[in-house]
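Here's a quick tour for anyone opening this structure for the first time. Keep the 3D view handy and follow along.

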Amino acid sequence: MWPRIVAESLRAVDRWLPTAPGAAAQASLDDWDALLRAAERPGESVATPPSFLLPHQHASWRRVRHAMTAWGGALLAEPVGRGKTWIALAAAVDEGAPAAVVVPAILAGQWRRAAARAGVAISCISHEAVSRGHLPPPATSLVIIDEAHRFRHASTRRVRHLAPWSAGRRMLLLTGTPIINRTADLIALLRLFAAEDALALDGWPELTAVANQSRPPAALRRLVVRTSDDGRATIARRDGMLEPGPGERARAARAVGAIGELTLSVDPAIRRLLRTVLLDAAASSDAAWRDALGRYRALLLQSRDAGGASRSMLRHFAGPSLDQLVLWPMLGREASAVELPDQDIATVDAIRAQPAADGEWLDAMKDAVADGATTVCFTRHRATVTMLQAALGPATAWVTGAGAGIGPHRMRRETVLSAFGPERPAWSVFRRVPTVLVATDIAAEGLDLQSAARIVHVDLPWTATRVDQREGRLLRIGQMHGTVQVLCRQPAPAIVTSLGPQARLRVKRAAATAWLDSLTASPVMDPAVASGMVTATFRDDEPAAALVAVRLERDWREGVILVARQGSEPWRLDPFAIDRLLARARSAEPVVGDDALISATAQSATQAAIVFAGASVPGDAMLITRVHRMARSAAHARDGAALARLDRLLRFVSAPPTLGARRVLDQMRLRDDRAMARMAVPDLRMPSRPHAVPLAVLIWLP
């Protein structure tokens with residue numbers, strides 16, 4: 001129970017201990033397992049979904065609605081192309097004010113059109129605008145963040161601006177790829193709306209503990225919404241490879257050899273960074289390789305004039321895609337400068353003077369798209385886009401971060417992209433509709449490009465999730481073709497040996513897939529199981545033990561805590577005990593249990609579960625002390641209005657914080673008492689007393 005200032009709010013509470021129901025007849029282990037699995041299933045709203053949702057989206061919407069009511073937010077992690085936009089708009093239907101949608105700038109028009117079709121009021125603001133400090137309207141109560149994986153780093157400007165503002169507001173995060181490099185990415189996203197004790201009713205007092213697990217607990221499904229296909233038909237795909245020919249192999253070998261001639265840096269970490277940037281560009285094309293060499297030359301000149309390269313200069317050179325490869329704290333402080341070798345300038349000039357050799361793979365690309373099928377080609381390098389667009393002809397469409405167009409004609413991005421989306425049949429800017437789009441990864445997130453029948457990975461991204469995002473532009477609801485061809489241009493052996501992009505993709509994909517598969521819940525309800533407490537008693541040669549599952553409910557939230565003990569030892573939390581102890585039970589001899597023993601075990605375990613559920617991250621002790629001191633002064637002055645404000649402030653500083661609340665608390669510490677008392681904070685309600693019921697009891701007798 002949180003501390004309160006107003007004395008009248010205090011009340012005596014009788015010690016509460018649940019009375020276990022009468023011991024049930026010996027149940028099968030299948031009944032025990034079914035009851036537990038049903039209790040672990042995340043809750044769902046019973047409301048009727050809006051008519052614009054497709055049937056397979058109903059279960060996701062119901063779970064999102066329940067999570068937003070119980071926990072103040074949800075992470076909608078449905079796979080790419082499942083219509084997360086429409087589920088989010090359905091969640092905003094009942095808002096009293098327009099929901100704020102924070103999206104990449106390139107998706108703003110698409111969101112506005114979808115909201116207009118659904119009849120839902122939204123205010124749209126871009127990620128880029130949030131990074132500059134622009135925030136949604138103050139009256140906003142629901143914040144929807146599309147492509148939310150961009151907010152996984154708390155140090156970015158967009159998070160520093162949005163997180164404190166969103167404290168106390170409900171939040172819906174949308175991303176089909178919540179795990180980019182490590183499983184902690186997902187937990188970082190949850191902290192945007194979930195307090196550290198969000199899963200306390202499932203025996204996880206801190207989200208930090210969840211981030212350190214090798215596999216996700218079932219409790220995460222209460223916050224992360226991801227459903228399985230459940231037998232639903234998926235879009236057929238046909239995979240193919242563009243293998244490197246002799247000329248491409250020779251080009252890559254020359255580039256790797258040339259990079260070996262460069263000194264780069266005496267610092268191993270800096271040398272690895274610079275080498276990776278150059279190798280990555282060479283894997284794409286000679287055009288990108290020469291562009292990277294030009295940027296490296298400019299970096300050398302800037303370093304020579306500045307007396308060394310700062311960390312910000314190196315970050316700019318690496319770019320956002322490769323920035324993740326560097327442990328920047330190991331490179332020294334921002335003020336320290338890294339000396340780069342001036343002698344590399346002459347070597348770079350000599351390399352750039354050599355003729356380009358992109359002809360062979362460009363010819364292969366021309367052959368691949370010669371059949372006229374609508375094609376989208378993705379690459380991470382603008383120089384490759386420019387060269388490939390010129391090689392494929394003046395009717396080729398292109399989109400980069402710098403602009404868009406068809407051949408030499410510059411056009412609005414939305415106009416170009418509409419030629420490859422649902423509006424293609426009505427596209428009439430030119431006499432002939434373009435059949436090939438060449439784009440950087442700016443077009444790899446969120447866009448509807450369902451009229452294309454082929455996707456080509458001109459070069460490989462650094463994460464498996466980016467591959468999924470690219471392919472999700474075509475492999476999504478509304479695809480106009482029965483089969484989508486997916487072509488991947490394979491890097492030459494010299495690049496594979498030196499850079500290893502495919503190995504990196506496999507490792508990152510394996511980690512992300514394992515977690516997301518574990519968090520996927522079937523939209524079909526679990527079979528009905530008997531209500532009440534299920535019990536089972538066994539006898540074996542091992543020491544006495546007990547495992548009890550306790551269901552807890554409080555303020556719309558639910559959870560299941562597994563507690564276990566050996567002999568007379570204290571109860572302990574064991575979230576992953578089920579599989580191990582069920583295996584032990586299957587090898588033991590079932591016996592008739594004693595009702596008194598079962599009842600005593602259930603009551604003791606339930607009391608322990610309530611204690612575990614109450615263990616959470618404490619509030620800010622320093623601020624709590626300050627508020628109490630201010631409250632004593634207000635009480636002495638008989639200032640009732642000040643006491644009411646301080647009571648609200650005390651609830652906020654005492655509660656386990658979200659990421660945004662942490663930022664607000666940091667601001668409070670820097671203010672004097674008067675300024676802190678005037679700060680606007682959410683009016684948090686005190687949590688009620690949890691209701692606990694024992695679900696299942698396993699007892700082993702020696």
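Let's start with E553: it has a relative accessible area of 38%, so it counts as partly exposed. Its salt-bridge partner is R551, with the closest N and O atoms 3.1 Å apart. R551 is partly exposed too, at 24%. Bear in mind that this is a predicted model.

**Salt bridges**

- The count of salt bridges comes to 33.
- R297 and D349 meet through their side chains in one of them, at 2.7 Å from N to O. R297 sits in helix α11 (residues 286–306) and D349 in helix α13, so this pair ties together parts that are 52 residues apart in sequence.
- With 26% relative accessibility, R297 is partly exposed, and D349 is partly exposed at 33%.
- D358 pairs with R251, and their closest N and O atoms are 3.8 Å apart. That link joins distant parts of the chain, 107 residues apart: D358 is in the loop between α13 (344–352) and α14 (359–368), while R251 is in helix α9 (residues 246–260). Both D358 and R251 are buried.
- There's also a network of salt bridges linking R150, D441, E445, D459, R466 and R470.

**Strands and sheets**

- Six strands make up an open sheet with parallel pairing, in the order β3-β2-β4-β5-β1-β6. Its edge strands, β3 (122–126) and β6 (224–225), each pair on one side only.
- Strands β4 (residues 142–146) and β5 (residues 170–174) run parallel and are joined by five bridges; V143 has M171 as its bridge partner in β5.
- Helix α3 (residues 84–91) lies across β1 (73–76), β3, β4 and β5, and runs at about 170° to β5.
- Elsewhere, look at strand β8 (residues 375–378): T375 and C377 point one way, V376 and F378 point the other way, and all are buried.
- β8 runs parallel to β13 (residues 454–457), with four bridges between them, and also pairs in the parallel sense with β12 (residues 436–439) over four bridges. C377 has V456 as its bridge partner in β13 and V438 in β12.

- Nonpolar side chains tend to be buried together in soluble globular proteins.
- The largest nonpolar core here has 95 residues, and W111, I144, L172 and L437 touch the most other members. Helix α2 (residues 58–71) gives the most to this core, with six residues.
- A second, separate core has 37 residues, including L262, A282, Y296 and M313.
- Beyond its neighbours within four places in sequence, L437 has contacts that include T375, V376, C377, W398 and F420.

How values were computed
Residues numbered from 1 in each chain as written. Predicted model: local features only at pLDDT ≥ 70, side-chain atom pairs only at ≥ 80, totals over all residues. Heavy atoms only, no water. Buried < 20%, exposed > 50% of the residue type's maximum accessible area, 1.4 Å probe, protein only. Helix = DSSP H or I, 4+ residues; strand = E, 2+ residues; numbered from the N terminus. Pairing = 2+ DSSP bridges. Contact = heavy atoms within 4.5 Å. Axes fitted to C-alpha atoms, helices over the stretch in contact; angles between N-to-C directions. Core = buried A, V, L, I, M, F, W, Y, C linked by side-chain atoms within 4.5 Å. Salt bridge = Lys/Arg side-chain N within 4 Å of Asp/Glu carboxyl O.
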